[in-house]
Amino acid sequence: MPTLKMLDVTKSFTQTPILNVDSLYLKTSGIYGLIGPNGAGKTTLLKCLCGLLFPDTGTIFIDDERLSLTNHAEILMKIGSVFAQSDTIFNLTIDELLETHYYFYKLKRPRDWHTVLDSVGLKVPVQTKIGDLSLGMRQRLLLAVAITHQPEFLFLDEPFNGLDPDGVLIVKQLIQKFAQDKLVIITSHDLTDLQAVIEHVLIMTAGSVHPITSVSEIENNYPNGLADYYQAIVHDKKK
Ligand SMILES: Nc1ncnc2c1ncn2[C@@H]1O[C@H](COP(=O)(O)OP(=O)(O)OP(=O)(O)O)[C@@H](O)[C@H]1O
């Protein structure tokens, strides 16, 4: 069973602390929604969890293994992630991105890439430059790439961003199919799409994480579900 733990983790880029997590323990598999206002530190937290950023203080355990500079490449093999799109890959073709990814993860290359692309409903020639895809098409492609090595953990930063309704449905189904016995964390400001796919909720405000709550508990206690829960925690508003 995949587990994640953060203890006394802090991170700053300037004098102001961005992350200040005393204790966070995700000990059951499933889909977690990570929500909170702009700038609360959600992306920073996910980047620390997958070793793209190193905290200033504190410890992170992935499956009880302490994340460090020496084991971080090995631990990265257990993780798939999609962050906001950087234009550094825009000049690559789909074919080149997939080749590079399969090479890095030492995966057996399929005869052609169509099964990978079909899994996210993409029907485009593999010679297409990534920069020529629409935002939603790139989201789907990067998700397909992120799960090719069958990671135990999947971190998705705003996966529904730029997707049309068909794209949202495909991505939701893909996440749900993938998530069995895995641990998935999704950030999103679209609370309706998020609520339909997650089982647990993590709210962040000003770098701190509030206690984990289950979606069923929220639905039992708040008439408008996640939207009301968000207001209650972030703005201290009554149900
Ligand atoms: N590399 C960096 N250098 C300086 N400041 C940074 C850097 N990365 C993030 N920050 C700052 O840290 C704060 C938290 O950013 P982060 O992206 O983690 O928030 P977020 O909760 O994901 O926000 P959003 O909902 O807007 O995506 C912001 O004020 C941001 O400007």
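**Entry 1: the largest pocket**

I worked on a predicted model, in which local features need pLDDT of at least 70, side-chain atom pairs count only at pLDDT 80 or more, and totals for chains, interfaces and linings use all residues. I number residues from 1 along each chain as its sequence is written, and side-chain values use heavy atoms, with hydrogens and water left out.

On a 1 Å grid over the protein atoms alone, I take a pocket to be an open set of points with protein on both sides within 12 Å along at least five of seven lines, and a cavity to be a set of points where a 1.4 Å probe fits but cannot get out; lining residues have an atom within 4 Å of a point. Points are joined across faces, edges and corners, and a volume is the space filled by probe spheres set on them.

The pocket is lined by 23 residues, of which Ser-81, Leu-97, His-101, Leu-142 and Val-145 are the closest to its centre. Two or more lining residues come from each of β6 (79-82), α3 (94-104) and α5. I use helices (H or I, at least four residues) and strands (E, at least two) as DSSP runs, numbered from the N terminus.

**Entry 2: the cavity**

I found one cavity of 30 Å³ or more. The largest cavity has a volume of about 30 Å³, and its lining consists of Val-82, Gln-139, Leu-143, Leu-156, Pro-159 and Val-171.

**Entry 3: nonpolar cores**

I define a nonpolar core as a set of buried Ala, Val, Leu, Ile, Met, Phe, Trp, Tyr and Cys residues joined through side-chain atoms within 4.5 Å. Buried means under 20% relative accessible area, exposed over 50%, and partly exposed in between (1.4 Å probe, protein chains only). The largest core has 48 residues, and Ile-94, Leu-141, Ile-186, Ile-198, Val-201 and Leu-226 have the most contacts inside it. Helix α5 (residues 135-146) gives the largest share of this core, six residues. Apart from it lies another core of 29 residues, including Cys-48 and Phe-155.

I then asked which residues Ile-186 is in contact with, leaving aside its neighbours within four places in sequence. Among them are Ile-31, Tyr-32, Leu-156, Pro-159 and Ile-198; contact means heavy atoms within 4.5 Å.

**Entry 4**

I noted an open sheet of four strands, in the order β2-β1-β4-β5, with antiparallel pairing. Its edge strands are β2 and β5 (65-66), each of which pairs on one side only. Two strands pair if DSSP finds at least two bridges between them. Strands β1 (residues 4-12) and β2 (residues 17-26) pair over eight bridges, and they form a hairpin with four residues between them. Ser-23 in β2 is the bridge partner of Leu-7.

Six of the eight residues of helix α1 (residues 42-49) are buried, so this helix is largely enclosed by the rest of the structure. Just after α1, Gly-51 takes a positive phi of about 75°.

**Entry 5: His-200**

Is His-200 buried or exposed? I found it buried, with a relative accessible area of 17%. His-200 lies in strand β9 (residues 200-205). Beyond its neighbours within four places in sequence, His-200 is in contact with residues including Thr-28, Tyr-32, Ile-212 and Val-215.
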